[in-house]
Amino acid sequence: MARSGLAAAARVARWADAALRPGRDGASPDGKGTLAGDTAERAAADLGLTPNQIRADWDTARLAGLIEVHGDSARPGWRLRAWNRDDSAVLRGWVALFDAWSLACPEPSGHEPAAVAEVVSAMPQVLSFLQLSAGPVPVEQLLDLLEQRVTELRTERCEIPFGPQPEAARPEPPQPDPVADAPLAPLLEWALRALASVGALTYGDGQATLTPLGNWAVWVKLEQICVAAQSPAGNIEQAAEGMLRGCAQLRPNAARAEYRAWLAARPVGIAVTELLGAARGEDALLRGLAFEALRVVGAPAEPDVRSVADEPTLRPYALLWLAEHDGIDPEDAHEVLTRDEATWLWVDTAAAVADHGEAPMLVRHLESALQATVPALLDEVRAVGHPRTVQVLVALAAAHPDPALAKAVRRAAFQVHTGGS
């Protein structure tokens with residue numbers, strides 16, 4: 001259903017990808033994403049549609065994230081790139097359109113903006129009621145619910161000044177409130193028609209019914225609210241770095257639950273940016289945890305993860321993430337790394353263990369090295385030039401129970417420190 005509903009928008013987006021290249025006339029000279037008249041005419045001729053159809057499909061593609069407009073130029077969004085191979089990209093595109101339903105149809109004229117905003121804020125409860133009803137609901141019943149929710153919103157905003165107030169000499173007559181007095185029926189009709197235009201519900205004969213796609217979307221939203229409310233460790237309000245530190249002592253399943261709660265509470269793009277920012281820091285433990293959280297994000301993180309694969313600090317983590325995302329078994333994913341990349345990752349992980357773990361863990365980590373002998377490991381560790389090499393080797397020498405091996409590791413640390421061989 002999502003593919004079918006967005007097929008026309010995807011067709012225009014693909015046309016724009018081919019026809020609107022950097023350096024040519026832009027798609028939106030006003031900088032607001034409006035398709036230029038001559039561009040709409042050109043697209044209509046190429047696709048066999050009317051300019052009005054092109055503009056409508058263009059707007060849908062923008063709202064669904066199939067097209068990204070930057071100033072006076074357009075470029076394909078990641079969802080368009082993943083369209084044919086990733087169903088989740090299609091569903092996320094439709095959910096983005098569903099979230100933007102109030103932009104899909106012009107709001108009725110002659111209504112106070114505040115009243116329109118109240119209706120938009122109240123519609124999630126209306127949609128939840130439709131989802132729970134699991135069938136057609138009379139519009140009169142939805143109007144009653146909308147009026148109740150709008151009244152609640154107005155009550156929540158009501159502020160009473162703190163402290164004693166001077167008494168007025170005479171009470172002033174109440175002034176008319178254009179927002180409070182605005183009839184909600186026309187605004188409800190607009191909201192239902194807008195939601196119908198994006199495929200979330202059907203509306204007619206005085207009734208509204210969620211489509212299967214709309215029912216699924218509302219269920220997902222409710223699930224996200226429940227997940228966010230059940231943050232097991234209470235880190236949902238933290239920035240990414242604080243959240244990851246809070247997850248450091250959790251078991252893997254509990255940490256993943258915390259990641260899901262944290263992600264459910266913020267837009268995915270912002271979350272991915274925050275996680276990669278935390279991964280760029282000096283704490284190697286947070287680097288590993290950030291990519292574990294990115295595994296929970298899944299496909300929407302792919303473009304950002306791919307874009308950091310050339311950063312030396314993040315490259316091994318990004319390559320492993322991309323390999324697993326492409327379907328390679330996690331146990332075999334390490335095969336995508338070169339020997340140097342695998343050694344660099346071994347040192348980075350050892351740094352995390354040295355900073356946050358115990359001595360036995362560091363000794364066990366030595367056994368996970370690819371190199372068959374400790375001298376071979378030390379040679380390759382020195383060659384990759386990890387900034388924490390000296391500290392890792394010193395910590396390993398202090399932790400290892402074998403005096404001869406500890407002496408060899410200390411000698412290697414001294415050589416790295418002095419630049420010798």
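This is a predicted model: local features need pLDDT of at least 70, side-chain atom pairs count only at pLDDT 80 or more; totals for chains, interfaces and linings use all residues.
Q: How many aromatic pairs turn up, and what makes W94 and F98 one of a particular kind?
A: The whole structure has 3 aromatic pairs. The W94 and F98 ring centres are 5.4 Å apart with planes at 10°, so this pair is stacked. The rule for Phe, Tyr and Trp (its six-membered ring) is centres within 6.5 Å, with planes under 30 degrees stacked, over 60 edge-to-face and the rest tilted.

Q: Where do W94 and F98 lie, and how do you know whether they're buried or exposed?
A: Both lie in helix α6 (residues 87-99), 4 residues apart, about one turn. Helices here are DSSP runs of H or I, at least four residues, and strands are E runs of at least two, numbered from the N terminus. W94 has a relative accessible area of 2%, so it is buried; F98, at 5%, is buried too.

Q: What kind of aromatic pair do W101 and W190 form?
A: A tilted one, at 5.4 Å centre to centre and 50° between the planes. W101 sits in helix α7 (residues 101-104) and W190 in helix α10, so the pair ties together parts 89 residues apart in sequence.

Q: Why does one side of β3 and of β4 lack a neighbour in the sheet?
A: The open sheet has 3 strands, ordered β3-β5-β4, with antiparallel pairing. β3 (137-138) and β4 (201-204) are at the edges with a single partner strand each, so one side of each is left without a neighbour.

Q: How do you know that β4 and β5 pair?
A: Pairing takes at least two DSSP bridges between the strands. β4 and β5 (residues 207-210) have 4, in the antiparallel sense. Within that pairing, T202 stands opposite T209 in β5.

Q: Which residue lies over the face of W83?
A: R3, at 5.7 Å from the ring centre. To count, NZ of Lys or CZ of Arg must be within 6 Å of the centre and within 35 degrees of the ring normal.

Conventions. Residues are numbered from 1 along each chain as its sequence is written. Side-chain values use heavy atoms; hydrogens and water are left out. Buried means under 20% relative accessible area, exposed over 50%, partly exposed in between (1.4 Å probe, protein chains only).
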